[in-house]
Amino acid sequence: MQSPILARSPSTPKPSLWRDELRQAFRQPGPLLDFLGLSRAQLSLPDAQPFPMLVPRAFAARMEQGRADDPLLRQVLPDPGELESVPGFVADPVGDAASRRHRGLLHKYHGRVLLITTGACAVHCRYCFRQSYPYASDHFDEAGLDHLIEYLLEHPEVEEVILSGGDPLMLDTRRLQGLTDRLRAVGSLRRLRLHTRLPIVLPSRIDEELLAWLQSLPWSTVVVVHANHAREFDADVDRAMARLRGAGAVLFNQSVLLRGVNDDEQAMIALMQRSFEAGVVPYYLHLLDRVEGAARFECDRRTALRLLDVMRRRLSGYLVPRLVREEAGAPYKLPVL
Ligand SMILES: *Cc1c(COP(=O)(O)O)cnc(C)c1O
Ligand code: SF4
């Protein structure tokens, strides 16, 4: 029997608004710069893009017109520096390869496994540590689903499945449903977690069908979104978050400390406050993973610790994120001290 997660439905799925929106996304720097009223002379662009640009219009609409150093633009605009090799910046900085159990299945930390459900995202973040992940050969497929169920039955200490990617919400809801239908056979499962940037960059993805699916799940559900700047939140994002909470999900935000985006006190404090106003509790602030092409985003550790100290002095305890870094072989994301 075919696994439902990948089986194409014989009936044509009804066209979804968010898919339409994604088709309209900016895929070339030129039109995005035109949209922002920026001239091509103001910014240097690379000739080639090994990691293609992708920016949904809903996200571009939150950028400031005419501002070449806009913190949202900086996260997504290709830069010539990406093509240079910088010592210490490598293809697999977090040692994912070593925790791979099956195709698309990573078991790195106790009690939870992470699934690479797809390589697709709705936005391409220039600092992403998974940009050189071998998605084509290592994401979830039918055989993977059988192996996953088998693996979970053999490892009852695993209580949580994390759907990651890429972005799991790039899958159609019926495919997510196919996956969770199979997971119901695993009695030891208590939580389902989604790691997704779609509620931020493409809030129309949080549609009725998705909410109905979330609400139908027998486990506690956690959605970890990813925003790096207060301006990534707007009224549509607030609505998407409210709907996710209405469907019973607990919402957290993880951010990456990025030079020129959020590496100052005001930006960081505003991000934590704004996130909470959207009903999303700050979770992690990651130091940049040193992936090839991302050197321009790196902040030094002193800056990171200073920002953490300022947040502790100025914010309620629950608004202060955990400052962490990923290290190959470590049993958890290491606090930065
Ligand atoms: C980050 C991560 C997790 C989740 O870790 P938490 O500390 O529970 O958020 C799980 N698996 C992998 C491979 C990860 O990188
Ligand atoms: S949405 Fe997440 S996985 Fe996708 S490119 Fe951005 S950081 Fe990477």
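**View 1. Ligand 2 in its pocket.** Ligand 2 sits in the largest pocket, where sitting means that more than half of the atoms of a molecule lie within 2 Å of the grid points of the pocket. A pocket is an open set of points on a 1 Å grid over the protein atoms alone, with protein on both sides within 12 Å along at least five of seven lines; a cavity is a set of points where a 1.4 Å probe fits but cannot get out, and lining residues have an atom within 4 Å of a point. This is a predicted model, in which local features need pLDDT of at least 70 and side-chain atom pairs pLDDT 80 or more, while totals for chains, interfaces and linings use all residues. Residues are numbered from 1 along each chain as its sequence is written, chains are lettered from A and ligands numbered from 1 in the order in which they are written, and side-chain values use heavy atoms, without hydrogens and water. Around ligand 2 are Cys121, Val123, Cys125, Cys128, Gly166, Arg197 and His226, each with a heavy atom within 4 Å. This shell holds four nonpolar residues, two polar and one charged (Ala, Val, Leu, Ile, Met, Phe, Trp, Tyr, Cys and Pro count as nonpolar, Asp, Glu, Lys and Arg as charged, the others, Gly among them, as polar).

**View 2. The annotated cysteines.** Cys121, Cys125 and Cys128 carry the UniProt annotation "binding site", from an unreviewed entry. From this set, Cys121, Cys125 and Cys128 belong to the lining of the largest pocket. Cys121 lies in the loop between β3 and α5 (142-154).

**View 3. Gln131 and the backbone.** Gln131 is placed in the loop between β3 and α5. A polar atom of its side chain is 2.8 Å from the backbone oxygen of Arg126, and one is 3.0 Å from the backbone oxygen of Cys128.

**View 4. The cis peptide at Gly166.** Gly165 and Gly166 are joined by a cis peptide bond, with omega about 15°. Most peptide bonds are trans. Gly166 falls in the loop between β4 (160-164) and α6 (173-183).

**View 5. The surroundings of ligand 1.** Ligand 1 also sits in the largest pocket. Its shell consists of Lys108, Tyr109, Arg112, Leu114, Ile162, Arg193, Tyr283, Tyr284, Glu326 and Lys333. Five of these residues are nonpolar, none polar and five charged. At least two shell residues come from each of β2 (105-109), β3 (112-116) and β8 (281-286).

**View 6. Oxygen atoms of ligand 1.** An oxygen atom of ligand 1 lies 2.7 Å from a side-chain N or O atom of Arg112. The corresponding distance is 2.6 Å for Tyr284 and 3.5 Å for Glu326. The protein buries 93% of the 390 Å² that ligand 1 exposes when taken alone (Shrake-Rupley method, 1.4 Å probe).

Conventions:
A polar contact is a pair of N or O atoms within 3.5 Å; within protein, one must be able to donate a hydrogen and the other to accept it, and residues adjacent in sequence count only if both atoms are side-chain atoms. Helices (H or I, at least four residues) and strands (E, at least two) are DSSP runs, numbered from the N terminus. UniProt positions are given in the numbering used here, feature names are shortened, and annotations may be inferred rather than shown by experiment.
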